[in-house]
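Reader: I want a close look at one part of this model: the side chains along one stretch, and the contacts between them. Keep it brisk, and give me the cut-offs as you go.

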Amino acid sequence: MNALVQVAAEESENPLIPPIPELVIGLIAFAIVFIFLAKKLLPNINRVLEERREAIEGGMEKAEATQAEAQQVLEDYRAQLADARHEAARLRQEAQEQGAALIAEMRAEGQRQREEIIAAGHSQIEADRKQAAQTLRQDVGRLATDLAGRIVGESLEDVARQSRTIDRFLDELEAKAADGSKAEAGR
C-alpha cells in the first residue's frame, strides 16, 4: 500500500511545479552562476564590446578624417592645376608677345640694313660714276690734245695749259648737253 500511496501522492503533485527543495537548490545555483557571470564574465564582455565600439567609431572617424583630407588634397590639386594652366597661358602669351616683338625688331633691323646697303650702293655708284667721268675726262683730254697737236702740228705738252684747255672744252660740252636736255624736256 505504501506503493499505492506513493503513486497516489505522486499523481496529486503537479509535474510543472518542482518540489521546494529542488527549487531552492536551483535558485542558489542560478544565483551563484549569475554572480559569477556578473562579476567575471560580464565586465570582460562589456570591455570587449566597448573596445569594438570605439574601434568602429574610431575607424569611422578616421575614415571621415581621411575622406575630408582627401577632399582637401583634391581641392588643392585642382587649385594648383588651375594655377598651372593660368601660368602656362600667361607664359604662352608672353612668349607670343616676345616673339612678335623679336620679329618686329628683326624686320626693323633688316630694313635698316637694307637701307644701309642701298645707300652704300648709291654712294658706290656715285663714286664709280665720278671716277668713270674723271677717267673719261682724262682720256678725252689726252685724245683731244693729241688730235689738236696733230692738227696744229706741234705738241701741246704743257700740262697746265693742257688741263685748262681740256676742262674748258669739256665744260662747254657739258653745258651744250645740259641745254639740249632742257630744250627736249620743254617740248
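**The aromatic pair and its surroundings**

Phe 30 and Phe 34 are four residues apart in helix 2, so about one helical turn separates them. A helix here is a DSSP run of H or I with at least four residues, a strand is a run of E with at least two, and both are numbered from the N terminus. This is a predicted model, in which local features need pLDDT of at least 70, side-chain atom pairs count only at pLDDT 80 or more, and totals for chains, interfaces and linings use all residues. Residues are numbered from 1 along each chain as its sequence is written, and side-chain values use heavy atoms, leaving out hydrogens and water.

Back to the rings. The structure holds one aromatic pair. The ring centres of Phe 30 and Phe 34 lie 6.2 Å apart and the planes meet at 20°, so the pair is stacked. The test covers rings of Phe, Tyr and Trp (its six-membered ring): centres must lie within 6.5 Å, and planes under 30 degrees apart are stacked, over 60 edge-to-face, the rest tilted. Phe 30 counts as exposed because its relative accessibility is 56%. Phe 34 is exposed too, at 52%. The classes are buried under 20% relative accessible area, exposed over 50%, and partly exposed in between (1.4 Å probe, protein chains only).

Next, a nonpolar patch. Val 33, Phe 36, Leu 37, Leu 41, Leu 42, Ile 45 and Leu 49 make a nonpolar surface patch of about 610 Å². Patch residues have over 30% relative accessible area and no salt bridge; like charges are joined within 9 Å, and nonpolar side chains (Val, Leu, Ile, Met, Phe, Trp, Tyr) within 5 Å. Areas come from the Shrake-Rupley method with a 1.4 Å probe, and for residues only the protein chains shown count as cover. Leu 37 sits in helix 2, which spans residues 20-152. Its relative accessibility is 36%, so Leu 37 is partly exposed.

Now the charges. Nine salt bridges turn up across the whole structure. Each needs a side-chain nitrogen of Lys or Arg within 4 Å of a carboxyl oxygen of Asp or Glu. Take Arg 90 and Glu 94: their side chains form a salt bridge at 2.3 Å, N to O. They are four residues apart in helix 2, so about one helical turn lies between them. Arg 90 is partly exposed because its relative accessibility is 37%. Glu 94 is partly exposed as well, at 31%.

Further along, Arg 112 has two partners to look at. Glu 109 meets Arg 112 in a salt bridge of 2.3 Å, N to O. Both lie in helix 2, three residues apart, about one turn. Glu 109 is partly exposed at 29%, and Arg 112 is partly exposed at 38%. Arg 112 also bridges to Glu 116, with the closest N and O atoms 2.2 Å apart. Those two are four residues apart in helix 2, about one turn. Glu 116 is partly exposed at 44%. Elsewhere, salt bridges with shared partners join Glu 50, Arg 53 and Glu 57 into one network.

Finally, the setting. The chain has three helices and zero strands, running α-α-α from the N terminus. Of its 187 residues, 3% count as buried. The chain exposes about 16,500 Å², and carbon and sulfur atoms supply 61% of that area.
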